[in-house]
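Visitor: I'd like to learn how to read a model like this one. Could you walk me through it?

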Number of protein chains: 2
Amino acid sequence: MASGDDGFVTPPPTPQVVIVGGGFAGLYLAKGLARAPVRVTLVDRNNHHLFQPMLYQVATAALSAPDISAPIRSVLRDQANAEILLGEVRSVDVAARSVALDDGTVLRYDYLVLAPGARHSYFGHPEWETLAPGLKNLEDAGEVRRRILLAFEKAEREPDPVVRQRYLTFVVIGGGPTGVEVAGAIAEVARFALRRDFRRIDPRDATVLLLEGADRLLLSYPPSLSDSAKQVLRRLGVDVRTQTLVTAIEPGVVHAAGWRIPTDTVIWAAGNVASPLLRTLGVPLDKQGRVVVGSDCSIPGHGEVLVLGDAAAYTHQPGYPTVPAVCPAAIQAGKYAADLIRRDYRGRPRVPFRYRDKGQLAVIGRARAVADLHRLKASGFFAWLLWVFVHIFFLIGFRNRIIVMFEWAWSFVTFQRGARVVTGQWEPATGPQRRAGSE
Amino acid sequence: MASGDDGFVTPPPTPQVVIVGGGFAGLYLAKGLARAPVRVTLVDRNNHHLFQPMLYQVATAALSAPDISAPIRSVLRDQANAEILLGEVRSVDVAARSVALDDGTVLRYDYLVLAPGARHSYFGHPEWETLAPGLKNLEDAGEVRRRILLAFEKAEREPDPVVRQRYLTFVVIGGGPTGVEVAGAIAEVARFALRRDFRRIDPRDATVLLLEGADRLLLSYPPSLSDSAKQVLRRLGVDVRTQTLVTAIEPGVVHAAGWRIPTDTVIWAAGNVASPLLRTLGVPLDKQGRVVVGSDCSIPGHGEVLVLGDAAAYTHQPGYPTVPAVCPAAIQAGKYAADLIRRDYRGRPRVPFRYRDKGQLAVIGRARAVADLHRLKASGFFAWLLWVFVHIFFLIGFRNRIIVMFEWAWSFVTFQRGARVVTGQWEPATGPQRRAGSE
C-alpha cells in the first residue's frame with residue numbers, strides 16, 4: 001500500500017482475473033476467488049453451465065436440457081467480485097496480457113485462466129462430423145435425440161424391409177464411458193420406452209452396435225469391469241465389437257474392420273481435441289491439442305496464464321500418464337487454481353497440482369453401472385445407486401436435483417422417458433408411394 | 001355382413017378415419033373413436049402433442065419444452081385401432097377421398113378430419129415475421145426465449161446507454177390473452193428472476209410495452225376484466241398502450257400510432273391465419289383462412305370431411321359470432337366429431353355442434369390472473385389459483401402434471417425460473433471496443 005503525503009492510503013488497482021469457460025474448472029475457480037482481493041470476469045459463449053456427465057441422458061430423452069444446466073449468472077449471483085460476459089474468446093495475446101472476443105472487445109488481465117474444454121476429434125476426417133455427431137453440448141444432445149427418435153419414425157413408415165432395418169440400426173463409435181452409456185441407453189429406449197408405441201415395427205428389433213478399436217471397453221478401468229460392462233450391455237441386446245476400427249463413414253453406411261454396416265444413425269464417442277483457442281497461445285500442444293502445462297498448471301514462461309480441465313495435459317503427474325478428462329479432475333484443478341492465486345497474493349510459494357483419483361463410474365442401461373473406486377470395484381445395481389448419488393451431489397442447483405431425481409424415479413418405475421420431444425422440421429425420406437388406407 | 005356359400009361371414013372392410021393434426025381436437029377425436037369399428041390414422045408433422053395455453057411459459061423460461069408436450073404415440077399407445085404417422089399433409093383430393101403427404105405417401109379415407117390449427121397472420125406484412133416472431137409451437141417458444149434472455153446479455157455488454165436501452169425495451173404486439181400473458185411474464189422476469197444477476201445493468205430498468213389496436217385489452221372478456229388486467233400489468237411495470245396500431249416493423253424499431261419505439265425484441269401476438277392446407281379443399285374460407293363449416297362441422301357437399309379447432313369458422317352458432325380459438329372449444333369439437341362418426345355407423349341422424357362456453361382465464365405475471373366464468377368474474381390471486389388448477393387438469397400426462405406443479409411451486413417461492421437456458425450460437429452485436437479490465 002502506498003501512503004500519500006495527506007495521510008490517506010491509495011490502494012493499488014484491484015487485479016483482474018479473466019476466466020475463459022464456465023465448465024467445472026472455471027466455475028469452481030470463480031467460486032474459490034469469492035473472498036480474494038481480485039476482480040473476476042468469466043467469459044463463456046453459453047449462458048449456462050452444463051453438467052456434461054449427464055448429457056447422454058438428454059440425448060436419449062430421459063432428461064430435458066434445463067435439468068442439467070444452470071445459468072452461470074445465477075450460480076455466481078451473490079459473488080460481488082465476479083461478472084459474467086456472454087461471448088467467445090478468439091485469441092490470447094500473452095505479451096500484452098489481453099484476450100480478444102468475437103465482437104472486438106479486448107479484456108486486459110493480470111491472471112488468465114483458460115478452461116475452454118474440448119470438442120470431438122474425427123482423427124483427420126472432419127467430413128464425418130455431420131454423419132456421426134458427438135456429445136459435447138446441448139445442441140449436440142438435441143441433434144442426437146432427434147436422430148434416434150426420428151429413425152424409429154422413419155422405420156414405421158418404411159415398407160421396404162431392408163431400408164427399415166437400416167433405420168433400426170444404431171452405431172455408437174467408441175467404447176469409453178460415453179459410448180457405453182449411450183449404447184446402453186439406446187438399447188433401453190428400444191426395449192422398454194418405445195415398446196408398445198408403434199404399429200408396424202417392433203422397436204425391440206433395433207440393432208445397437210458399439211464399436212471399439214481397442215481389445216476391451218472402458219480402457220481406463222480395470223479389465224474385470226470392462227468384462228462386466230460387456231456382459232451387461234450384451235444382456236441389454238447391444239452388439240459389442242472390440243478391435244473394430246472404423247475406416248470410413250458414408251451416408252447410410254459405416255465401414256469397420258472389413259464390415260459394411262448399413263445404418264442411418266451413427267453417434268461419435270471416440271476422440272477429443274482441445275479448443276482451437278489454445279493454438280493462439282504459441283506454446284507446445286500435445287497430440288490432442290492440449291497445452292502441456294507445468295506442475296502449477298501454467299504455460300511456459302507465463303506464470304500468470306493457467307490452463308485447466310480438458311484443455312490441459314498435466315504431464316508432470318507422478319504415477320499417471322495424464323489426468324483424465326473427467327469432471328472431478330476439472331473441479332480439483334479449479335479449486336487448485338483459486339488457491340494458487342490467493343497464495344500468490346499472500347507471497348506464499350506455489351505448490352504443484354496433484355490430482356486425487358477417487359475412482360470412476362459408468363452407467364449401463366437401466367439401473368446398472370460399473371464402479372471402480374480402487375479399493376472397491378462393483379458392477380450392477382449397487383454401482384448404479386452409487387452413480388445416482390454421486391451425480392445428484394455434483395449437479396449444480398437444488399431445483400435441478402429435485403427435478404432429476406423425480407425424472408429418474410419416474411423412469412425407473414414406468415420404464416418411460418420424459419423428454420421424447422423432437423423439434424424442428426420433419427424431413428421425410430422420400431420413399432415409394434404407399435396407400436395406408438388400402439392395406 | 002355378407003354370408004358366403006361356405007358358411008363363413010365376410011366382414012366389410014373396416015372404414016378408415018384420417019385425422020390431420022394432433023392438437024386438442026385431433027387427439028380427443030382419436031381417443032373418442034377407441035371403441036368405434038374404424039381404423040384411425042393420425043398424421044402430425046411433430047412427434048408430440050403440445051399444450052399451447054402454456055407455451056408462453058416456455059418462451060419466458062418458466063418451463064422446459066418437454067413439460068408441456070406429450071409424445072402422440074404414448075398418448076394413443078393402448079388404442080389398438082389408431083396409428084400415428086409423422087409427416088406433413090400437402091393436399092386433399094375430396095373427389096378421390098385421399099390426402100397426399102410431403103413424401104408422396106397417399107392415404108385413402110372414408111372420413112377425413114382436418115384439425116391442422118393456425119399460424120400467425122402479419123396482416124399482409126410477411127416480412128415482419130423474422131423481426132417479430134409469434135408463439136405457436138416449441139420452436140417459436142425457443143426463439144422468443146432466446147431473444148429475451150440474449151437481449152439482457154447484450155445490454156450488459158453495451159457501453160452506449162442509448163443502445164443499451166434499446167436492448168432493454170421489449171414490445172409485445174396484441175393485447176389478447178397471449179399478449180397479456182407474455183408481457184406480464186417478461187416484466188416478472190426482469191423484476192424478479194434476473195434482478196441480482198447482472199453487474200452493469202439493472203434488469204428492472206427494462207421497458208415492457210404492450211400495444212393493442214383496440215380500445216381495451218382482452219376484447220373477448222367483459223370490460224371490467226380488461227380494466228383489471230390493465231391495472232395488474234401496470235403494477236408489474238408494463239406500459240399498456242391501447243388504440244395503438246402498429247404501422248411498421250423494421251430492424252431495431254417499431255412504428256405505432258405515430259410513435260417510434262427503438263427495440264430489438266418484438267413479440268407478435270396479434271393475429272392468426274389458418275393452415276394453408278385448407279386452401280387445397282376448394283371450399284369457401286373466411287378472412288382468417290378458416291373453412292366455413294356446416295352445423296355438423298363438415299364442408300359443403302362432403303359430409304365425410306370435417307374441419308375442427310382453429311381451422312374452422314363455425315358460423316352457425318346461435319348467440320356467438322364464432323367459436324373462439326381456445327383449447328376447450330377444440331376439445332369439444334373433437335369429442336363431437338367422434339360422436340358424429342359413431343352415430344353415422346349406427347344410422348342415427350347427425351345433430352349440430354354446440355359450443356359450451358365455460359369461461360375464460362388469463363394469467364398476468366406473478367400469481368395474478370383474470371377469470372370470466374360468466375356467473376363469476378374474478379381477478380387477482382384467486383383467479384390465478386383457478387388458472388393453475390384448470391391448466392394442470394387439462395395438461396396431458398401425469399408426469400407432466402407433477403413436474404409443472406413442482407416448477408410453479410419452485411418459481412412461486414424463489415421468484416426464479418427454471419429453464420433459463422439458451423442454446424445455439426451466440427451472435428454478438430458488433431460494438432465498439434471495450435477494455436473490461438481497465439475501467
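Visitor: Let's start with a backbone angle. Which residue just after helix 8 of chain A takes a positive phi?

Guide: That's A:G347, with a phi of about 75°. A few ground rules: residues are numbered from 1 along each chain as its sequence is written, while chains are lettered from A and ligands numbered from 1 in the order in which they are written. This is a predicted model, where local features need pLDDT of at least 70, side-chain atom pairs count only at pLDDT 80 or more, and totals for chains, interfaces and linings use all residues.

Visitor: How is a helix defined here, and what span should helix 8 of chain A have?

Guide: Helices (H or I, at least four residues) and strands (E, at least two) are DSSP runs, numbered from the N terminus. The expected span is 1.5 Å times one less than the number of residues.

Visitor: Which residues of helix 8 of chain A are buried?

Guide: Buried means that 20 or more other C-beta atoms lie within 10 Å of the residue's own; exposed means 12 or fewer, and partly exposed is in between, with C-beta atoms placed from the backbone. In helix 8 of chain A the buried residues include A:A329, A:Q332, A:Y336 and A:I341. What covers the buried residues includes helix 1 (24-32) and strand 23 (302-307) of chain A.

Visitor: And how many residues of helix 6 of chain A are buried?

Guide: 15 of its 17, so that helix is mostly covered. Helix 6 (residues 177-193) of chain A should span 24 Å, and its end C-alpha atoms are 22 Å apart, which agrees.

Visitor: Back to phi. What about residues other than glycine?

Guide: Most of them have a negative phi. Here A:R97 has a positive value near 50°, and sits in the loop between strand 8 (89-93) and strand 9 (98-101) of chain A. B:Q243 also has a positive phi near 50°, in the loop between strand 15 (238-241) and strand 16 (246-250) of chain B.

Visitor: Is B:Q243 buried or exposed?

Guide: B:Q243 counts as exposed because it has 11 C-beta neighbours inside 10 Å. A:R97 has 19, so A:R97 counts as partly exposed.

Visitor: Which residues have the most contacts inside the largest nonpolar core?

Guide: A nonpolar core is a set of buried Ala, Val, Leu, Ile, Met, Phe, Trp, Tyr and Cys residues joined through C-beta atoms within 7 Å. The largest has 164 residues, and A:I173 and B:I173 have the most contacts inside it. A second, separate core of 61 residues includes B:Y109 and B:F353. Two residues are in contact if their C-beta atoms, placed from the backbone, lie within 7 Å. Leaving aside neighbours within four places in sequence, the contacts of B:I173 include B:L211, B:V246 and B:W268.

Visitor: What pLDDT does chain A average?

Guide: That score is the predictor's confidence in each residue, from 0 to 100. Chain A averages 87, and 92% of the residues score at least 70. Over residues 425-439 of chain A, though, the pLDDT is below 50, and beyond near neighbours in sequence this stretch has 29 contacts in the model.
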